[in-house]
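Here are my notes on the two-chain model. They are set out as numbered points, to be read with the structure open.

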Amino acid sequence: MFTIDKLYQPQNIAEAAELLTKYPDITVLGGCGFLKLGNRKIATALDLSLCSLAEISETEQYIELGAMVTLRDVEVNPALNQFFDAVLPKAVAHILGVQFRRCATIGASVYSKYGFSDILPALLALDTEVELLRSGRMPLVDFLAKPISRDVLISVRIIKDSRRAAYQNLRNAGADFPILNAAVSRYEKQWTVIVGARPARAEIAVQASQLLSDMATDSIDIDKVAATAAAELTFGSNNKASADYRRAMCQVLVKRAIGEVLA
Amino acid sequence: MKLELLINQKNYELEAAPDEMLADALRRLGMLSIRKGCDTSCCGLCTVWVEGNPVLSCTMPAFRAQGKTVTTIEGIQPEAEKFARILAAEGSEQCGFCSPGFIMTVIAMKNELKNPSEQAIQHYLAGNLCRCTGYMGQMRAIKTYLGGEVQ
C-alpha cells in the first residue's frame with residue numbers, strides 16, 4: 001500500500017506543467033493498480049483525471065488516446081476494434097478482469113515502460129507516437145529507448161493505416177503478468193516483430209523483422225524468422241520463468257503471431 | 001480532502017485522505033457489502049459501479065470518485081436479490097464472501113452486453129474469483145438469470 005501526503009488535481013495540462021516545475025519530485029498517478037502493490041511513501045502526487053485526458057479521438061489520419069483512457073476503453077472502442085485486426089483490444093483483454101481494466105490507464109502503462117506490459121508490444125507493432133508535456137511528440141520506439149525523465153505523458157497517437165497485426169502472450173495463470181508476449185505486424189512489405197516480458201521491456205527484433213520483410217510472401221520461412229528473433233534478443237530469468245524457457249517460447253509466440261497475420 | 005459522492009442515489013459528503021481507497025471510504029459510510037479480498041486487484045470482491053461501470057474499489061482512490069455516481073449492492077437490492085436467489089437455487093453459493101462483488105459484475109454485464117455467449121460471460125467475469133464453487137454452478141445461475149439470452 002502506498003501513502004500520499006499531498007495531492008494536486010490540476011484542471012488542465014498547463015496547470016500540470018506548473019506543478020511539475022514547482023515540485024521536481026512529484027509523482028504522477030496512473031490507475032494506481034501497480035502502485036498499490038508496492039510500499040511507496042509519496043510526498044506529493046499529481047492526479048491528471050480532471051485534465052480531460054480520458055478521451056479516444058479519431059481523425060482521418062490517426063486515433064489518439066488520452067493518457068487517462070482506461071484499458072477497458074481501449075478494449076471496447078469501435079475504431080480500435082476496426083483497425084489493425086483489433087490488436088490493441090486483444091492485447092489488453094487478457095489483463096485481469098473488466099473491473100481492473102476500468103482502473104488501469106494507458107498513460108501509466110506506456111510511461112512506466114513496464115517489462116510485463118501487454119500493451120507496449122502491440123503499440124510497437126503499430127505506427128505509434130507519444131506526446132509528452134516537456135519532450136513533445138516522438139515515436140514510441142524512441143521514447144522507450146530513453147531513460148525515464150521528469151515528464152508527463154499526455155497522449156498516444158496511432159497512425160491509421162492498413163497494417164495487419166497480431167498479439168500473442170504466455171501466462172502462468174490468467175490473473176498473472178505475462179511471462180512472455182509477442183506482437184507482429186505487416187504494413188505493405190514491412191514486417192515488424194516485437195517481443196516483450198523477457199522480462200525486460202518489449203523490444204523490436206530488428207534482424208527478424210528485416211529477414212521477414214525480405215522474404216517473398218509465398219515463401220516465408222516462419223521457423224527461421226522465429227529462431228532469428230530468439231537469437232538476437234536477450235532473455236532473463238525471474239521467479240516466473242527462466243531465460244532458456246523464454247527463449248524457447250519466444251519462437252512459439254512469434255510463429256503464431258506471424259501465422260495469424262498471414263491468415 | 002472533502003469529497004461529494006452520489007452513492008446509491010443519495011448524496012454524501014465525506015473527508016478522505018489522498019491515499020484512501022474507495023473501498024475503505026464506502027465501508028466507513030456503512031456499505032459493508034464491500035469486501036477486500038486479495039487487495040492486489042485480482043479477486044473482484046470489492047467491485048462497485050462508478051458511473052455505471054464496474055471498478056475495483058480497492059484499487060480506485062476515493063478522490064477519483066469525486067462528483068460521480070457510485071453504486072454498491074445496497075443500491076440495487078431487488079435486482080441483486082433476484083439473482084442471489086438463483087445462485088442459491090443452483091447451489092453455487094457456499095461461504096458467500098465473493099457474492100456481492102460477483103453479483104455486481106453479473107448485473108453490470110447484463111446491462112452492458114446483449115445476448116452474451118458463454119465465452120463472453122467467462123471473459124467478463126474473469127476478474128471475479130470464487131474459491132468455493134468451481135464456477136459451474138455460477139454459470140448455470142447466470143444462464144438462468146439471463147433467461148434465453150445466452151447463446
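**Notes on the predicted model**

1. **The sheet of chain B.** In this predicted model, chain B holds an open sheet of five strands, ordered β2-β1-β5-β3-β4, and its pairing is mixed. The edges are β2 (10-15) and β4 (53-56) of chain B. Each has a single partner strand, so one side of each is left without a neighbour in the sheet. Neighbouring strands of this sheet are turned against each other by 40° on average, direction ignored.

2. **One pair within that sheet.** How many bridges link β3 and β4 of chain B? There are four, and the pairing between β3 (residues 47-50) and β4(B) is antiparallel. For a place to look, take B:Val50: its opposite residue in β4(B) is B:Asn53.

3. **A helix over the sheet.** Helix α3 of chain B covers residues 99-112 and lies across β3 and β4 of chain B. Its direction makes an angle of about 40° with β3(B).

4. **Chain B as a whole.** Five helices and five strands make up the secondary structure of chain B. Along the sequence the pattern reads β-β-α-β-β-β-α-α-α-α. The C-alpha atoms of chain B occupy a box of roughly 45 × 25 × 25 Å along the principal axes. The radius of gyration of chain B is 15 Å. A compact globule of 151 residues would have a value near 15 Å, so the two agree. Buried residues make up 45% of the 151 in chain B. Take the contacts in chain B with a separation of 6 or more: 60% of them come from residues 24 or more positions apart.

5. **Chain A as a whole.** Chain A has eleven helices and twelve strands. Its C-alpha trace spans about 60 × 45 × 30 Å along the principal axes. Does the radius of gyration of chain A agree or disagree with that of a compact globule? It agrees: chain A has 18 Å, and the value for a compact globule of 263 residues would be near 18 Å. Of those 263 residues in chain A, 49% count as buried. Among contacts in chain A between residues at least 6 apart in sequence, the share joining residues at least 24 apart is 61%.

6. **Where the chains meet.** Chain A gives 21 residues to the contact, and chain B gives 22. On the side of chain A that touches chain B, β1 (3-8), β3 (41-47) and α5 (98-101) of chain A each supply at least two residues. The largest share of that side is four residues, and β1(A) provides it. Sorted by class, the side of chain A that touches chain B has eleven nonpolar, six polar and four charged residues.

7. **A hairpin in chain A.** Strands β9 (residues 164-171) and β10 (residues 178-187) of chain A run antiparallel and are joined by eight bridges. β9(A) and β10(A) form a hairpin, with six residues between them. Across the pair, A:Gln168 stands opposite A:Ala182, which belongs to β10(A).

8. **The nonpolar core.** The largest nonpolar core has 133 residues. Which residues have the most contacts inside it? They are A:Ala183, A:Val184, A:Ala229 and A:Val254. Take A:Ala229. Beyond its neighbours within four places in sequence, A:Ala229 is in contact with A:Val193, A:Val195, A:Ala205, A:Ala208, A:Cys250 and A:Val254.

9. **The helix that carries A:Ala229.** Helix α10 of chain A runs over residues 222-232. Its buried residues are A:Val225, A:Ala226, A:Thr228, A:Ala229 and A:Ala230. The cover over the buried residues of α10(A) includes β11 (190-196), α9 (206-214) and α11 (243-262) of chain A.

10. **A loop leucine.** Where does A:Leu133 lie? A:Leu133 is in the loop between β6 (128-132) and β7 (136-139) of chain A. A:Leu133 has 17 other C-beta atoms within 10 Å, and is therefore partly exposed; a buried residue would need 20 or more. Leaving out residues up to four places away in sequence, A:Leu133 touches A:Ile13, A:Ala16, A:Ala17, A:Leu20, A:Asp151, A:Val152 and A:Ile154. A:Gln210 is 77 residues from A:Leu133 along the chain, and their C-alpha atoms are separated by 33 Å.

Conventions. Residues are numbered from 1 along each chain as its sequence is written. Chains are lettered from A and ligands numbered from 1 in the order in which they are written. This is a predicted model: local features need pLDDT of at least 70, side-chain atom pairs count only at pLDDT 80 or more; totals for chains, interfaces and linings use all residues. The radius of gyration is taken over C-alpha atoms; the globule rule is 2.2 Å times the number of residues to the power 0.38. A residue is buried if 20 or more other C-beta atoms lie within 10 Å of its own, exposed if 12 or fewer, and partly exposed in between; C-beta atoms are placed from the backbone. Two residues are in contact if their C-beta atoms, placed from the backbone, lie within 7 Å. Ala, Val, Leu, Ile, Met, Phe, Trp, Tyr, Cys and Pro count as nonpolar, Asp, Glu, Lys and Arg as charged, and the others, Gly among them, as polar. A nonpolar core is a set of buried Ala, Val, Leu, Ile, Met, Phe, Trp, Tyr and Cys residues joined through C-beta atoms within 7 Å. Two strands pair if DSSP finds at least two bridges between them. Axes are lines fitted to C-alpha atoms, for helices over the stretch in contact, and angles run from 0 to 180 degrees between N-to-C directions.
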